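Visitor: I am new to this structure, and I would like to know what the words used for it rest on. Could you show it to me?

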Amino acid sequence: EKKIVIAIDGLSSCGKSTIARQLAKELNYLYVDSGAMYRAITLYFLRNNIDFNNKEQILNALDGMDLDFRLNEQTGKVEMFMNNENVEYLIREMIVADKVSEVAAIPEVREFAVKQQQKMGAKKGIIMDGRDIGTTVFPDAELKLFVTADNAVRVERRFKELYQKNPNITIEEVAHNIEMRDYIDANREVSPLRKASDAIEIDTTNLTPEEQLQKVLKIAQNVI
Ligand code: C5P
């Protein structure tokens with residue numbers, strides 16, 4: 001059995017990370033959530049009042065930034081660390097979600113993140129999800145999935161997830177955030193969200209997590 005690279009892309013809250021986690025567990029692969037890196041960079045920019053239009057400030061900020069994924073032995077989940085601080089919880093807050101697409105559209109930020117992502121994939125046996133994984137980060141990935149789901153379903157899923165942490169959140173707020181990120185992510189100049197020509201499309205709208213897993217496992221087993 002050979003180790004491959006699996007690239008998973010799609011719009012926000014389409015089910016990418018659930019599929020990626022499920023597959024990683026079944027195949028015993030490393031799961032890397034590339035969006036967590038853009039979120040951590042955004043958190044750093046917000047905390048340090050970095051002007052998103054000031055290239056010098058941006059480059060200086062990135063220069064002092066150390067991002068790494070560490071396994072939480074208790075939960076079995078990988079968590080995002082920035083300069084040795086566990087930021088996994090903070091990067092999921094709305095204040096970060098509100099700005100992350102703006103930050104992720106900055107070419108220097110993408111260059112910084114993509115370089116590290118490519119390094120992580122060098123040894124294969126990796127599943128990475130994001131927006132540009134099959135197109136830019138791993139254009140030669142042996143398996144590429146492009147995940148979709150109806151808008152209303154995506155909003156509802158994200159709302160349920162965020163509501164557990166913050167019962168004050170409204171469905172309108174979540175809908176607006178997803179709509180805004182979808183727009184920026186699909187229309188930016190550098191690596192906009194696109195389905196790679198060789199990606200397999202999976203619509204998760206009417207699939208249970210179990211059905212979803214069976215479907216992608218079959219696809220993956222054909223390649224591996
Ligand atoms: O995957 P998640 O929704 O956490 O990603 C947060 C944001 O990070 C996205 O809305 C997008 O702006 C950015 N992103 C990106 N490229 C990736 C992964 C995420 O631009 N590969």
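Visitor: How many residues surround the ligand, and which are the closest?

Guide: There are 14 residues around the ligand, and the closest are Gly 35, Tyr 38, Ser 101, Ala 104 and Gly 130. A residue is near a molecule if its C-beta atom, placed from the backbone, lies within 6 Å of it. Please keep in mind that this is a predicted model, in which local features need pLDDT of at least 70 and side-chain atom pairs count only at pLDDT 80 or more, while totals for chains, interfaces and linings use all residues. Residues are numbered from 1 along each chain as its sequence is written.

Visitor: Which helix gives the most to the shell around the ligand?

Guide: That is H2, with 4 residues. Helix H2 (34-47), helix H5 (100-104) and helix H9 (171-187) each supply at least two residues of the shell. Helices here are DSSP runs of H or I with at least four residues, strands are runs of E with at least two, and both are numbered from the N terminus.

Visitor: Why is Leu 11 called buried?

Guide: A residue is buried if 20 or more other C-beta atoms lie within 10 Å of its own, exposed if 12 or fewer, and partly exposed in between, with C-beta atoms placed from the backbone. Leu 11 has 20 other C-beta atoms within 10 Å, so Leu 11 is buried. Leu 11 lies in the loop between strand S1 (5-10) and helix H1 (16-27).

Visitor: What makes Ser 13 count as buried?

Guide: Ser 13 has 24 C-beta neighbours inside 10 Å, and therefore counts as buried. Ser 13 also lies in the loop between S1 and H1. Leaving aside neighbours within four places in sequence, Ser 13 is in contact (C-beta atoms, placed from the backbone, within 7 Å) with Arg 154, Arg 157, Arg 158 and Ile 178. With those sequence neighbours again left aside, Leu 11 is in contact with Arg 154, Asp 182 and Leu 193.

Visitor: What makes S7 and S8 a pair?

Guide: Two strands pair if DSSP finds at least two bridges between them. Strand S7 (residues 143-148) and S8 have 4 bridges in the parallel sense, so by that definition they pair. Thr 148 stands opposite Asp 203 in S8.

Visitor: Why are S2 and S8 called edge strands?

Guide: The open sheet has 5 strands in the order S2-S6-S1-S7-S8, with parallel pairing. Strand S2 (30-33) and strand S8 (200-203) each pair on one side only, and that makes them the edge strands.

Notes: Contact = placed C-beta atoms within 7 Å.
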